[in-house]
Amino acid sequence: MRKLLYNSTRGKEVGLTASEAIVKGLAKDGGLFVPSYIPMVDIDFESLKDKPYQEIACYILGMFLTDFTDEEIKHCVYSAYDNKFDDDKIAPLVKKDGLFYLELFHGSTIAFKDMALSILPYLLTTAAKKQGITKDIVILTATSGDTGKAALAGFSDVKGTKIIVFYPKSGVSVIQERQMITSEGSNTHVVGITGNFDDAQTGVKEIFNNDIYRKQLEDKGYQLSSANSINIGRLLPQIVYYVYTYAKMLKNEEIKTGESINVVVPTGNFGNILAAYYAKKLGTPIDKLICASNDNKVLYDFFKTGTYDKRREFILTISPSMDILISSNLERLIYEISGENPDMLNNFMEKLESEGIYTITGEMKDKLVDFHPEFADYVKTKDAIKKEYTNTNYILDPHTAVAKAAYDSYISKITDETKTVIISTASPYKFTKSSLVAIDDKFKNMDDFALLDELNKMSGIKIPMAVKNIDQRKIIHNTVCNKEDMQQVILDFLIK
Ligand SMILES: *Cc1c(COP(=O)(O)O)cnc(C)c1O
């Protein structure tokens, strides 16, 4: 097979192998790495339909990671998608009232970030080894809640890595904090910052940009890296579950060979839905990509008008993982519809930075026909949870509920009989309070831990390991520091 190379969207770093792009994470010119072409293949879904998730993952990743050997890919896939998942299908597809939900929340932290963060550590260590990097890789992550725990779970006890997570001490939910500070694994560190998420994020960025500090760590045998969602090593594994879903729809005789499906994706940073777009380009028969936003509907407005405008109030919603005004991964799509023109792309990104707004050309907008935007506010999201529970006894988390509400809005305007898959990104057990209060106000004043039992009674679904007895687990991490002290804290952890 032809070797697939990766280029930066901003045009200054080109021709990297997959493993180089994964280890670098972000390009030096500030751009994101994209594959120089999407492999042209004739996917034989008839032969894929009986295959387990892992085999489909090896097949798809093999097309993109052309400098990895088959054995290396197998090692990564089978180390990631194992009994850390509480369902051996890894991503089960359930049918409720004629609609399909692809449940991406059966990993260690019961949210879809596990799909990528369980394999990234293996891709990263394998890629580093291929390049002769012998230093330990130190992952630095700032988190507003979800990514931190998923990264801790993914990297826990992975040889050759250490992970340090910074979170705003008073800015995450009780359960989120408890999940992080009880993290096991001898290579994990968790630090609360006396400040907000921006302070944590800025602190981490400053460390990445501080050449003297990085050199100091390198001399001690450590190489910094990031598990951020713009790493191409997080995006590629997400293509897999779209191909897998299509194969399973065929197997279950819900569709005929070649028949298209729609997908509805609750969207924040635009990673998940971009993976769906890549799956489509790869030849998966996907018709509409329905992009579901919450009240922070920058993307909805963008797809409607061609103008991306982040100059607006940031709204805190009950789907916090989608509370985003700058969807980083959109840059990859903009680059593509510009005809892979880095000058144009740079111009848009500079405008976004300096003025907070840019407008694409009419010609570019015409290339976005496959994307259909919808959004759901608080009331619609709540109603979607309540309605689904009343109809089918299935309890949606608020992120998935945004997608369900978006689909309801879509189908109320357009006649479309295409079979549709809603991408279900979190377990209701992760957002117990919002899910239950949507069903009945009486849950409003109950504490989060008690609500786990209520949810169990109502849904009949076992309390997942990720949150079971979490209030009784031993607190392992108790470091708290100011933003100014982050660099020293890292040194204290690494150099004892
Ligand atoms: C991160 C996240 C999203 C948004 O996904 P993007 O790839 O950032 O668009 C949606 N739902 C949940 C539960 C998430 O954790």
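User: What makes the meeting of the Asp87 and Lys89 side chains a salt bridge?

Analyst: The N to O distance does. In this predicted model, that distance is 4.0 Å for Asp87 and Lys89. The cut-off is a Lys or Arg side-chain nitrogen within 4 Å of an Asp or Glu carboxyl oxygen. The pair therefore counts.

User: How many salt bridges does the structure hold?

Analyst: There are 23. One of them joins Asp50 and Lys251. Their closest N and O atoms are 3.0 Å apart, which is within the 4 Å limit.

User: Why does the pair of Asp50 and Lys251 tie parts together?

Analyst: Look at where each partner sits. Asp50 is in the loop between α2 and α3, and Lys251 is in helix α11, so the bridge ties together parts 201 residues apart in sequence. Asp50 is exposed at 53%. Lys251, at 40%, is partly exposed.

User: What links Glu374 with Lys413?

Analyst: A salt bridge, with the closest N and O atoms 2.8 Å apart. Glu374 belongs to strand β13 and Lys413 to helix α18, so the pair ties together parts 39 residues apart in sequence. Glu374 is buried at 2% relative accessibility. Lys413 is exposed at 52%, since exposed means over 50%.

User: Which residues are linked in a network of salt bridges?

Analyst: Lys387, Glu388, Lys404 and Asp408.

User: How do you know that Lys113 has no salt bridge?

Analyst: The nearest side chain of opposite charge belongs to Asp146, and it is 5.4 Å away. The limit is 4 Å. Lys113 therefore has no salt bridge, although it is buried.

User: Where is Lys113, and what is it in contact with?

Analyst: Lys113 is in helix α5, residues 113-117. Leaving aside neighbours within four places in sequence, its contacts are Thr147, Ala150 and Arg234.

User: What is the phi of Glu253, and where does the residue lie?

Analyst: Glu253 has a positive phi of about 55 degrees and is not a glycine either. It lies in the loop between α11 and β9. With a relative accessible area of 69%, Glu253 is exposed.

User: Why is helix α14 called largely enclosed?

Analyst: Count its buried residues. They number 8 of 8, so the rest of the structure largely encloses α14. Among them are Glu331, Arg332 and Glu336. Just after α14, Gly339 takes a positive phi of about 80 degrees.

User: How do you know that helix α6 is mostly covered?

Analyst: Here 9 of the 11 residues are buried. They include Leu120, Pro121, Tyr122 and Leu123. Just after α6, Gly132 has a positive phi of about 75 degrees.

User: How many cavities of 30 Å³ or more does the structure hold?

Analyst: It holds 1. About 40 Å³ of space lies in the largest cavity.

User: Which classes make up the lining of the largest cavity?

Analyst: The lining has 4 nonpolar and 6 polar residues, with no charged ones. Residues that line this cavity include Thr267, Gly268, Leu299 and Met322.

User: What lines the second largest pocket?

Analyst: The pocket has 36 lining residues. Gly107, Ser108, Pro464, Met465 and Ala466 lie nearest its centre. The largest share, 3 residues, comes from helix α7. By class, the lining divides into 13 nonpolar, 13 polar and 10 charged residues. The space in the pocket is about 930 Å³.

Key
Residues numbered from 1 in each chain as written. Predicted model: local features only at pLDDT ≥ 70, side-chain atom pairs only at ≥ 80, totals over all residues. Heavy atoms only, no water. 1 Å grid on protein atoms, 1.4 Å probe; cavity = no way out; pocket = protein on both sides within 12 Å on 5 of 7 lines; lining within 4 Å. Points joined across faces, edges and corners; volume = space filled by probe spheres on them. Helix = DSSP H or I, 4+ residues; strand = E, 2+ residues; numbered from the N terminus. Nonpolar A, V, L, I, M, F, W, Y, C, P; charged D, E, K, R; others polar. Buried < 20%, exposed > 50% of the residue type's maximum accessible area, 1.4 Å probe, protein only. Lys, Arg positive; Asp, Glu negative; His and termini not counted. Contact = heavy atoms within 4.5 Å.
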